[in-house]
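Thanks, everyone, for making time for this.

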Amino acid sequence: MEHTIRLCLVDDHELVRRGIASLVSTQADMEVVGEAASGEEALRVCAECHPDVVLMDLQMPGIGGIEATRRLRAQMPDARVLMLTYSEKESDLLAALEAGAQGYLLKDLNAELFFSFIRRAFKGEIPISGSLTAQLMRGFRPGSGSSAPAAAPSASSGGHRRLTDRELEVVRLVSRGATNEDIGLELHISSNTVKNHLRNILAKLGLRNRAQAVTYAIQHGLLPDEDEVHLRR
């Protein structure tokens, strides 16, 4: 039996939450198990309902979405947080990933793509709205002259040179949106071995999660052009 994806909606606008909940009710494999109108309330509600995926607004009174994400991931490391916002600022995107967000979606998504991104996040992928993915790539392409904003992951410069060839392969596959199972099949290794590689990669780069690893890979030119097109639109 297919797992039902348990969602928590965090947005300070009740009409937005009601609209999303109404959309979710049309999906057989999803259900809303909690709602919150603030970052503070989200921490309490998520502790009670244990959602698989949290849809988190960026700007809210009190604790905003980024700080709420940081605290929620510390409280519930397995929770997948998807930022859902109107902000197309590169600094907001990078700050969200640094805080531990699993992905970053714009509120102008159509319903079909919205549901697809939720399912991808649940499987461990890192969905980012397409226009923002392209923006990241343009901003951090080697030789572009751009530098990472202060909110970017603070891995040491050149840390990737300590990665083994296999670890670089894993980073590139993660950046394509591959799950641990996908990576294992591609490289003919077990999922546990993939997890060990990811643990080593994060430790070497001073990162906390796979979303940060994707950002790092883009910033430091670890993705050949043919890989870049595979980042989730």
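Let me begin with Glu35, which counts as partly exposed because its relative accessibility is 34%. Please keep in mind throughout that what you see is a predicted model. The partner of Glu35 is Arg17, and their side chains meet in a salt bridge with an N to O distance of 3.0 Å. Since Glu35 belongs to strand β2, residues 30-36, while Arg17 belongs to helix α1, this pair ties together parts that are 18 residues apart in sequence. Arg17 itself has a relative accessible area of 12%, and therefore it is classed as buried, the cut-off for that class being under 20%.

Staying with helix α1, which spans residues 14-24, we find Glu14 and Arg18 both within it, four residues apart, or about one turn of the helix. These two form a salt bridge as well, and their closest N and O atoms are 2.8 Å apart. How accessible is each of the two partners, Glu14 and Arg18? Glu14 comes out at 42% relative accessibility and so counts as partly exposed, whereas Arg18, at 54%, counts as exposed.

Next comes a contact between distant parts of the chain. Arg119 forms a salt bridge with Asp29, with 2.7 Å between the closest N and O atoms. Here Arg119 sits in helix α5, residues 111-122, and Asp29 sits in the loop between α1 and β2, so that the pair links positions 90 residues apart. Arg119 is partly exposed, its relative accessible area being 28%, while Asp29 is buried, with a value of 10%.

Besides such individual pairs, there is also a network, in which Glu67, Arg70, Arg71 and Glu98 are joined by salt bridges that share partners. Over the structure, the count of salt bridges comes to 12, and I have picked out some of them here.

Let me finish with the aromatic side chains. How many aromatic pairs does the structure hold? There is one, formed by Phe114 and Phe115, with 5.6 Å from centre to centre and 45 degrees between the planes, an arrangement that counts as tilted.

Methods: Residues are numbered from 1 along each chain as its sequence is written. This is a predicted model: local features need pLDDT of at least 70, side-chain atom pairs count only at pLDDT 80 or more; totals for chains, interfaces and linings use all residues. Side-chain values use heavy atoms; hydrogens and water are left out. Rings of Phe, Tyr and Trp (its six-membered ring) pair if their centres lie within 6.5 Å; planes under 30 degrees apart count as stacked, over 60 as edge-to-face and the rest as tilted. A salt bridge is a side-chain nitrogen of Lys or Arg within 4 Å of a carboxyl oxygen of Asp or Glu. Helices (H or I, at least four residues) and strands (E, at least two) are DSSP runs, numbered from the N terminus. Buried means under 20% relative accessible area, exposed over 50%, partly exposed in between (1.4 Å probe, protein chains only).
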